[in-house]
Amino acid sequence: MQHTSTNHEVIVIGGGSLGLAAAYELGKKGVDTLVLEHFTFLNDRGSSAGVSRQFRVPYPDKYMVQMAMDAREYWAELEKHSPEEPLMAKVGTLWFGDPKVTSTEGNIKAAKDAMDELEVRYTALDKAKIEEDYHFTNLPEEYEGLFQRDGASINLRQTLKTLYKLNQESPSVTLVENAPVLDLKQEEDLFYVTAGDQTFVSKKIVVVPGPYINDILAFFNFQVPVTYWQMSSCYFKKKNPEINYPTWFAFQPSVDCSGNEFYGFPSVAWDHPDCIRVAPDFVMKPLSSPHDADFTPNQQELDYTSEWVRNHMTGLYSTPLFTSTCLMALSNEPNKEFLLDFAPDFVPNNQNIIICATGWVAKFIPMLGQILADMVTEGKPNYDISHFKIEAFNRTYTGPVSNEYDRDEVRHRLNAGMADEMKIDTAIIGAGMSGLYSAFRLTETQKLSADQVQIFDLSERICGRIESIKMPEMDVVGELGGMRYLTSQKIITTLIEQVFSQSLTPVPFPMGDPTHLYAYLRKQRVKQSAWEEKQALGEKLITNYQLTPETVGFNADQLFNKVFYDVLMADPWFQDYNWNIYDETGKPIKRRCEPLVTYDGEYTYTFKLTSKDWNEVKEQLSYCFPGSPYDRRKVYELGFWNLIKDRVSQEGYNFLADAGGYYSNTINWNAAEAFPYMIGDFSADTTYKTIASGFDSIGYELAKSYLNHEGANIWIKNKLLTFSKTELEQADHHRYKLTFLNLETKKKWHVYANKIILAMPRRSLELLDQQNFFFNINTHSKLNHNIRSVIKEPAYKILMGFETAWWKSLGIDSGHSITDLPMRQCYYFGTDPTNDHSMLLGSYGDMSTETFWKALSDDPILFEAKYNRAAYQDKHSQNERISEEMENFEQVQASQLMVNEVLNELREVHGENVAIPEPYVTWFRDWTDDPFGAGYHAWKAGFEVYKVMPYMRKPLLNENIHICGEAYSGLQGWIEGAFCEAEKMLEEHFDLEYPSWLEPDYYMGW
């Protein structure tokens, strides 16, 4: 039955088997229930895809065996509502294989023990009995097994149809399909769920979206750790129509790249009755996101399955007659079959958020529907779900999810004074990320006492080019500098999610839905999904770029990948490296299970090189295109622009520079460095995270840890003028004399140290005394040359606060739109739920566009912020400091000219039908200004980066002076680059041991 009301007692998110089962049970209780399905009901895009599932009793854990036995009565009750077709075919469960193997299904011996304890009957089998009774052949002698008679094949399609029909007939249930959840927020005790063009309101939420679980949990600021599998299945036609199999699973040790475990189903009336279905219980390519699924079976998996059927099954043709896929989200935690619980305690209103996710749950569909309904109506389950609780999964979310963070605890301890004639061991110049990390590690390990490690910075703030801010009347964090990290970056990930987990809350950094986000290029406005939508129809999107015939129809990510693939595969050295693994002498020792780089279709390329692989490739890769002016040159000798133009024409380069969003990615930097950077950081399937309280919170936590040691100091507003070598006996055996200018008193003062860490980017180094013994070009020309091995990349940001999120009328909730206009990109940030005030990164410009905006940003007439000053001051308490902060805040406004231009370009990008109001407040930062000189850096072409990086960590062998930071790292533009260079410097030159908290053998580069 369909309703038009937008208010319901319960909203169920996800209309697959669990969502329909929960809604059915809620409807029976008379609870007004709304079911929102992203796609259509009975679709094949989630874990309810396909027509059959296995019901089994064997499990390695007693509680799971008991739950399977209990589930039978729920199935029997539901089957009464399906007179036309059974919901199960009871054929028994056969488990067999190597008794030592433990898999996603469990372990044969453990299952026997669990069933013995519960007195569940089964038959133990040896290899001969398995082959004799169940049609298998050529099994290893050590194989053994069991047969349990209650196993069955579930008629999943009929189960879904039955539940769907029951819900349609219920007066208490509303079914809405094609309703992706675009926004979900809480106000007091109500949930507001925006799906499509409607907002629905409820008191309780049931979250059962199958593999799309983390898309929904992101609205509650937490995630569960999962792996996504796009599983394949094969249907093999029977040679003998009389032959049949039970449901079965084969436990086998892995072979090469294959997981080598398979399972199967009997032939049943509802699912190709002339065939036997067999499937691999492994995937060759786990997905990083459910949105990466293309629902095309993996050919390798099909081939392995066919080979296994040919070798070990009888009565079947070994070539599949049909194939299918199913998308699954599997828990990354051991001993968790699935998750079933209320939201964790740190989530507001958590007892009204019920979650069921991940794993193999089809065998419990009707039972779980009842449990979920009880949790909704009674506030507790009427079944023991302690083994499925979510708390154990949230080690990284131990504190409340909040964007509140007390930076003042650190700010109050920053020292703007001076201590003339101080004598210390290590002077760290720069309170950015590498400087803070160095002090943290030296004192954390007790390598040095904190009074012997001092940090100095000329700024009044810490964290360098990472700066998180809040604008008046908006409880939303904005980022003026770096704003996100990748979970593949293990130092920052571990610091945030483990070391400082009590203070920092990691949250997804959403990149939005490309079907709503814009690409506005050369006056052509399309959605970012337009290229792939055309490709799905066998067509090509024609843009206003005069591309070569072989590149027409590619989006920017795809075309970058095509360029990378073509260059890699043109080099005979890489063709060999792609398949073979070599020892340290260069001798091939074995062949890879599968190549590192593959071409998977007209627009699809796969790159599986690790950071260590890429470093080997960057040293060796040659550009092998006869007729090219660059033929046979090392790729690291080439500029990226040179290479792109040579491969796809200048017009192709213009398209990539414009559509890629960042001009800094396509400048003429070191082409070899560009390859892994673009593939790893800016490819379409990259997943980002940030910190709920602001990205600079990681810097404040490092500072706090250091400052908690007695004698620690971060000396702000102190400018290093120069440093010199001392006569050791004149300075109590301290090697260097550093001269600072205290900016508050305008007085010079001196510090003596044995070691100096220059935790600074290129421009900051250039602003130091270039005539001293260290920088003097006449004596140390190599250092001067290597300091200039990186390009300074201009970057600026303008944050804009609006009274409403006007972009939500376009279906946009997050992500960024891209244009070739000087604004280049705009990011749609958060909304304050108390007043709808919303933040937009109005322009994220770099490189050539910086000069366009410089003329506007330098205009003296600033934008007049329209926030309520009295209310802002009252909220933050009445004191002199708040008044000073408000006065300082007025000075960070963008110029009025700049705001006018940004609004003009925003309106052009989004179209004349969108009403874009003026902001009420702005915040502008140009990182090109001294002392930073750039937003980020890129290696120049021609430099042998693998030599420069270790050199910069200690440029002069006889001096204890070190340079570290993002600029001279293998991960330029990322905090992780700063951390890696600092860590390698500390281990190589300060004798620190590898961090105990860091994943063993994490590769940090050259």
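**Aromatic pairs and an open sheet**

F440 counts as buried because its relative accessibility is 2%, where buried means under 20% relative accessible area, exposed over 50% and partly exposed in between (1.4 Å probe, protein chains only). The model is predicted: local features need pLDDT of at least 70, side-chain atom pairs count only at pLDDT 80 or more, and totals for chains, interfaces and linings use all residues. Residues are numbered from 1 along each chain as its sequence is written, and side-chain values use heavy atoms, with hydrogens and water left out.

An open sheet of eight strands runs in the order β6-β7-β5-β14-β15-β16-β13-β17, with mixed pairing. Its edge strands, β6 (123-126) and β17 (322-331), each pair on one side only. On average, neighbouring strands of this sheet are turned by 20° against each other, direction ignored. Strands (E, at least two residues) and helices (H or I, at least four) are DSSP runs numbered from the N terminus, and two strands pair if DSSP finds at least two bridges between them. β6 pairs with β7 (residues 144-148) in the antiparallel sense over four bridges, and D126 stands opposite E144 in β7.

Two helices lie across part of this sheet. Helix α3 (residues 108-117) lies across β5 (93-97), β6, β7 and β14 (247-251), at about 40° to β7. Helix α4 (residues 127-134) lies across β5, β6 and β7, and runs at about 100° to β6. Contact means heavy atoms within 4.5 Å; axes are lines fitted to C-alpha atoms, for helices over the stretch in contact, and angles run from 0 to 180 degrees between N-to-C directions.

Aromatic pairs come to a count of 68. Rings of Phe, Tyr and Trp (its six-membered ring) pair if their centres lie within 6.5 Å, and planes under 30 degrees apart count as stacked, over 60 as edge-to-face and the rest as tilted. F136 and Y245 are edge-to-face, 5.2 Å centre to centre with 70° between the planes. F136 lies in the loop between α4 and β7 and Y245 in the loop between β13 (226-237) and β14, so the pair ties together parts that are 109 residues apart in sequence. Both F136 and Y245 are buried. F440 and W997 form a tilted pair, at 6.5 Å centre to centre and 45° between the planes. This pair links F440 in helix α10 (residues 433-444) with W997 in the segment after α26 (975-989), 557 residues apart. W997 is buried too, with a relative accessible area of 15%.
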